[in-house]
Amino acid sequence: MHSVMLRQYACDMPTDARSSNAVFTAPAPQSANSGRPTTGDDVPYETIPLPSKGLLYPEGSPLHGVDSVHIRSMTAREEDILMSPALIKAGTAISALIRSCLVDKRIDPADMIAGDRNALVFAIRITGYGHEYEATVECSECDDKTPRTFDLSRVDVNFLDLTPVREFENRFEFVLPASHRTVHFRFLTGRAEESAQKTQQARRKAIGPMASQTVTDTLRDSIVSIDGVEDRQKVSDFVRSMLARDSLALRKHITQHQPDIITRQVSECKACGYAEEVSIPMGLSFLWPNAR
């Protein structure tokens, strides 16, 4: 499925950066004629906070300084989008789904920070199929694979806690610990992730399944400049020869501070009763509950 858009992050997020998302535990969405901003129909909608708080979008963007957006509840027409073979093949079904549910049609989901998109996808899924989600998880204690039920309304939000190089710019500074080079990096957008997914698919088709370059691809797409040099070929050359210690440190830094939802919950193995914190699996049944 669209694993790039719904990827999981390690559970090493700073505790003070985690905040409960009250929207997911709020009462059922109200209809558009209830006095809140109208959607143009009577479909219920909800207000969803953005993990980026709107602080990474430039002036002129409809998301500039906006800390939340309105989404309509998922309907049968959104199910049609999710069933579209053309959109699935093109890797744009998630963007099309978000675009269809957004009240503000000026917003292009492809331009949104990935974490903001993830928050909307979770909220859309809850409005469409409810907050309970069942997925199979392998127990780290007994190795049995059993179905577990997750409560999507209990996901937390990792709000932006870094100061960008310049205000309202998706650009941050990090000094690599081994080489001491100064890197400017960005958090990926939906457009960047969709492009990366297409590149990986094309590479696998041309070379084979062993052609994965996930680490270098992600670093190349995330790094904006190295010691002030922005030339993309030079950035790419640097990434290929980047020291492993530097690579790990930068990736960990990005992961820890990525504005996003935190999709880890404690669940219990039905086979042995062992309780552990696990990432919520993002299989086909997340947005396609009947796809089993």
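**Exercise 1. Overall composition**

How many helices and strands does the protein have?

*Solution.* The structure under study is a predicted model. Counting its secondary-structure elements gives 8 helices and 12 strands. As a next step, consider burial: of the 292 residues in the protein, 47% are buried. The accessible surface comes to about 14,100 Å², and carbon and sulfur atoms account for 51% of that area. Finally, take the contacts between residues at least 6 apart in sequence: 65% of these join residues at least 24 apart.

**Exercise 2. Helices H3 and H4**

Determine how the axes of H3 and H4 are oriented, and state which residues meet.

*Solution.* Locate the helices: H3 spans residues 93-101 and H4 spans residues 114-129. Their axes come within 10 Å and cross at roughly 70°. Angles of 65 to 115 degrees count as roughly perpendicular, and therefore H3 is roughly perpendicular to H4. From H3, the residues Ile 94, Ser 95, Leu 97, Ile 98 and Cys 101 meet Arg 117, Leu 120, Val 121 and Ile 124 of H4. Sorted by class, the contact holds 7 nonpolar residues, 1 polar and 1 charged.

**Exercise 3. Helices H6 and H7**

Is the crossing of H6 and H7 left-handed or right-handed, and which residues make the contact?

*Solution.* Begin with the geometry: the axes of H6 (residues 214-222) and H7 (residues 232-240) come within 9 Å and cross at roughly 145°. The crossing is right-handed. Next, identify the contact: H6 contributes Thr 216, Leu 219 and Arg 220, while H7 contributes Arg 232, Val 235, Ser 236 and Val 239.

Technical notes: Residues numbered from 1 in each chain as written. Predicted model: local features only at pLDDT ≥ 70, side-chain atom pairs only at ≥ 80, totals over all residues. Heavy atoms only, no water. Axes fitted to C-alpha atoms, helices over the stretch in contact; angles between N-to-C directions. Helix = DSSP H or I, 4+ residues; strand = E, 2+ residues; numbered from the N terminus. Left-handed = near helix turned anticlockwise from the far one by under 90°. Contact = heavy atoms within 4.5 Å. Buried < 20%, exposed > 50% of the residue type's maximum accessible area, 1.4 Å probe, protein only. Areas by Shrake-Rupley, 256 points an atom, 1.4 Å probe, with all protein chains shown as cover. Parallel < 35°, antiparallel > 145°, perpendicular 65-115°, else oblique. Nonpolar A, V, L, I, M, F, W, Y, C, P; charged D, E, K, R; others polar.
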